[in-house]
Amino acid sequence: MNNLLELFVGGCPLCSRARELYILGKCAGCRLVIRDLTRPKEEDLAKAKEYRIRAVPTLVINGRIRVTGVPEGPFLCSPETYRELERLYSFR
């Protein structure tokens, strides 16, 4: 699928749960970048500002979809999932 998933996390239990869900649910063709804001790099801070991240965990997909919090149920990488997320959470 070749999607870029950027997960912004902190040190909270919800962040750990979100990290596990997205790692397990992403397909081999997608790339997951974990941006840990407890030890941010310059690039992480710049991306958080660009995407207007206000809370963690937050997942940004292809720079167009922003999902804050932990999804209910499993996250499964599929065209249908991404279409639904874009419909519900598109921010650009």
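This is a predicted model: local features need pLDDT of at least 70, side-chain atom pairs count only at pLDDT 80 or more; totals for chains, interfaces and linings use all residues.
## The largest pocket

Two elements, β4 (65-68) and α3 (79-89), each contribute at least two residues to the lining of the largest pocket. The greatest share comes from α3, which supplies 3 residues.

## Aromatic pairs

The structure contains 4 aromatic pairs. One of them joins Tyr51 and Phe91 in an edge-to-face arrangement, with 6.3 Å from centre to centre and 85° between the planes. This pair links distant parts of the chain: Tyr51 belongs to the loop between α2 (42-50) and β3, Phe91 belongs to the segment after α3, and the two are 40 residues apart. Tyr51 has a relative accessibility of 3% and therefore counts as buried. Phe91, at 14% relative accessibility, also counts as buried.

Phe75 and Tyr82 form a pair as well; it is edge-to-face because the ring centres are 6.2 Å apart and the planes stand at 75°. Phe75 is buried, its relative accessible area being 6%, and Tyr82 counts as buried at 8% relative accessibility. Elsewhere, Phe8, Tyr51 and Phe91 make up one aromatic cluster.

## Thr58 in strand β3

Thr58 is part of strand β3, which covers residues 58-61. With a relative accessible area of 1%, Thr58 falls under the 20% limit and is therefore buried. Apart from residues up to four places away in sequence, Thr58 touches Glu6, Leu7, Phe8, Ile53, Arg66, Val67 and Thr68.

Two interactions of the Thr58 side chain involve polar atoms. The side chain of Thr58 reaches the backbone oxygen of Ala55 at 2.5 Å, and a polar contact of 3.4 Å connects the side chain of Thr58 with that of Thr68.

## The loop between α2 and β3

Val56 is located in the loop between α2 and β3, and Pro57 has its place in that loop too. A cis peptide bond, with omega about 0°, connects Val56 to Pro57. Val56 is partly exposed, with a relative accessible area of 32%. When neighbours within four places in sequence are left aside, Val56 is in contact with Phe8, Val9, Gly10, Cys15 and Leu37. Between Val56 and Arg19 there are 37 residues of separation in sequence and 11 Å in space, taken from C-alpha to C-alpha. Phe8, a contact of Val56, also belongs to the aromatic cluster with Tyr51 and Phe91.

## Positive phi angles

Arg52, although not a glycine, has a positive phi of about 60°. Arg52 lies in the loop between α2 and β3 and is partly exposed, at 39% relative accessible area.

Asn62 is not a glycine either, yet its phi is positive at about 55°. Asn62 is placed in the loop between β3 and β4. Its relative accessible area is 29%, so Asn62 is partly exposed.

Definitions and conventions:
Residues are numbered from 1 along each chain as its sequence is written. Side-chain values use heavy atoms; hydrogens and water are left out. Helices (H or I, at least four residues) and strands (E, at least two) are DSSP runs, numbered from the N terminus. Buried means under 20% relative accessible area, exposed over 50%, partly exposed in between (1.4 Å probe, protein chains only). A polar contact is a pair of N or O atoms within 3.5 Å; within protein, one must be able to donate a hydrogen and the other to accept it, and residues adjacent in sequence count only if both atoms are side-chain atoms. Contact means heavy atoms within 4.5 Å. Rings of Phe, Tyr and Trp (its six-membered ring) pair if their centres lie within 6.5 Å; planes under 30 degrees apart count as stacked, over 60 as edge-to-face and the rest as tilted.
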